[in-house]
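Student: I would like to learn how to read strands, cores, pockets and cavities in a protein model. Please take them one at a time.

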Amino acid sequence: MSHVKESYDYVIVGAGVAAASAVKGIRSEDSSGTVAVLGSEPDKPVYRPDLSKALWLQDDKTLEGSSLAGDLDDDEAVDLVTDTTVTEIDPDAHVVRLADGSTVGYGKLLLATGAEPRTLSIPPGPRVVYYRTAADYQRLRAVAEKGSHVAIVGGGYIGSEIASALVQNGVDVTLVLDLEDVQEQMFPRALAASLTKAFDDRGVTIVHGSVAGGEESDGGVRIRLDDGTDIAADAAVIGVGVIPRTGLAEAAGLEVDNGIVVDDHLRTSAPDVYAAGDVASYPDALLGRRRVEHVDQAEKSGEHAGKVMAGSDAAYDYTPFFWSDILDYGYEAVGEVTSRNDMVEDWKDGQIGTGVVYYLKSGQVRGVLLWNVWDSVDKARDLIAETTKSPVADPETLRGRIPF
């Protein structure tokens with residue numbers, strides 16, 4: 001851990017992808033300004049998608065290889081300080097306060113505090129993992145050996161990825177869904193149902209219910225569902241969504257509304273304080289105000305915030321995309337991919353396998369899912385922009401707009 005100095009030109013609270021990207025942005029405008037990156041996790045920044053993707057599926061992948069700390073460690077004017085909690089920010093005094101009572105002054109401050117997992121009534125422990133960090137990956141890796149049994153609670157983004165990764169590593173998986181199908185909150189029913197069947201075909205035990213409680217016991221985990229069902233496993237992964245870490249901003253009087261509210265330059269309501277990544281509620285140039293919990297947003301908004309902090313006057317006009325690989329399938333998506341929107345499905349030969357799903361609200365395309373369709377994210381963005389200006393009269397005419 002680096003020693004913390006009394007003040008820096010730039011202080012970044014958080015040491016994830018957005019923070020590492022912000023340093024890159026700062027350096028593109030200011031080659032020598034002093035930077036402190038203050039992270040509460042014990043580990044240095046890692047490329048977070050690897051924790052649920054490549055580290056399980058590629059034999060040559062290592063946690064060291066997923067590190068984003070190289071450029072930070074090599075830069076003499078950057079102090080990367082892990083395992084350090086910022087307890088308070090004082091925008092008037094331009095200081096942050098640390099858990100040991102000391103203060104660190106800043107010229108510009110970036111809040112890249114990310115998000116934290118929603119918790120259930122099962123306390124976290126060595127075998128109960130609310131999956132988010134490099135330490136969580138290491139804990140799960142230690143117990144999820146071939147032939148072990150892991151219960152996964154939640155069939156959303158992280159739950160489906162971990163289930164996919166573990167089953168491909170020879171782990172017996174029980175997947176607890178509170179909805180009927182995997183990723184039902186994102187995908188059309190037929191696609192969600194076919195994905196659920198694909199897990200079933202791979203030997204995943206699918207159980208429906210809500211968690212009533214549970215605990216670690218006798219070298220394992222016991223989970224109780226609200227219908228009285230008991231699930232015994234070697235470990236449990238809980239993936240039921242995340243909550244933006246806005247506590248510091250709220251306590252400091254910054255405007256917060258489902259995230260830290262920023263303008264189109266990623267500035268918060270306090271002078272010289274910026275926010276980026278999962279925690280930022282920003283005005284998306286195509287879709288209006290939103291908050292996005294994906295790595296592309298962390299990278300792009302983090303880097304942009306760094307540039308603006310160091311003197312750039314460019315507006316943040318980027319609409320991020322996200323992707324996932326589940327079993328034998330892969331997808332990229334952009335915008336509001338939620339099954340609450342109207343959906344138009346366009347499948348190759350009318351069979352779920354390769355295709356595009358268009359998500360609409362009032363004739364405007366608000367999101368696009370590219371299922372086993374690649375290199376089409378820019379086309380999706382163009383379509384969102386076009387229909388924002390002139391809504392679609394007949395949604396069925398969207399079929400074929402993005403070829404595959």
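This is a predicted model: local features need pLDDT of at least 70, side-chain atom pairs count only at pLDDT 80 or more; totals for chains, interfaces and linings use all residues.

Student: Which strands pair with S6, and in which sense does S1 run beside it?

Tutor: Helices (H or I, at least four residues) and strands (E, at least two) are DSSP runs, numbered from the N terminus. Two strands pair if DSSP finds at least two bridges between them. Here strand S1 (residues 7-13) is parallel to strand S6 (residues 103-111), with 6 bridges, and Ile12 faces Leu110 in S6. S6 also runs parallel to strand S18 (residues 273-275), through 3 bridges; in that pair Leu110 is opposite Tyr274. Strand S5 (residues 95-98) is antiparallel to S6, again through 3 bridges, and Arg97 is opposite Thr103.

Student: How many residues does the largest nonpolar core have?

Tutor: A nonpolar core is a set of buried Ala, Val, Leu, Ile, Met, Phe, Trp, Tyr and Cys residues joined through side-chain atoms within 4.5 Å. Buried means under 20% relative accessible area, exposed over 50%, and partly exposed in between (1.4 Å probe, protein chains only). The largest core here has 54 residues, and those with the most contacts inside it include Ile12, Leu110 and Val37. Helix H1 (residues 17-29) gives the largest share of this core, 6 residues. A second, separate core has 45 residues, among them Leu63 and Phe199.

Student: What does Ile12 touch?

Tutor: Contact means heavy atoms within 4.5 Å. Leaving aside neighbours within four places in sequence, the contacts of Ile12 include Ala19, Val23, Ile26, Val37 and Leu110.

Student: Is Thr133 buried or exposed?

Tutor: Thr133 counts as buried because its relative accessible area is 13%. This residue is in the loop between strand S8 (128-130) and helix H4 (134-143). Not counting residues up to four places away in sequence, Thr133 touches Glu41, Arg48 and Leu51.

Student: What lines the second largest pocket?

Tutor: On a 1 Å grid over the protein atoms alone, a cavity is a set of points where a 1.4 Å probe fits but cannot get out, and a pocket is an open set with protein on both sides within 12 Å along at least five of seven lines; lining residues have an atom within 4 Å of a point. The lining of this pocket has 14 residues, and Ala20, Ser21, Lys24, Leu68 and Asp71 lie nearest its centre. H1 supplies the largest share of that lining, 6 residues.

Student: How many cavities of 30 Å³ or more are there?

Tutor: The count is 2. A volume is the space filled by probe spheres set on the grid points, which are joined across faces, edges and corners. The largest cavity has a volume of about 40 Å³, and its lining includes Glu41, Arg48 and Ala134. The second largest cavity also has a volume of about 40 Å³. Helix H5 (residues 157-167) gives the most to the lining of the second largest cavity, 3 residues.

Methods: Residues are numbered from 1 along each chain as its sequence is written. Side-chain values use heavy atoms; hydrogens and water are left out.
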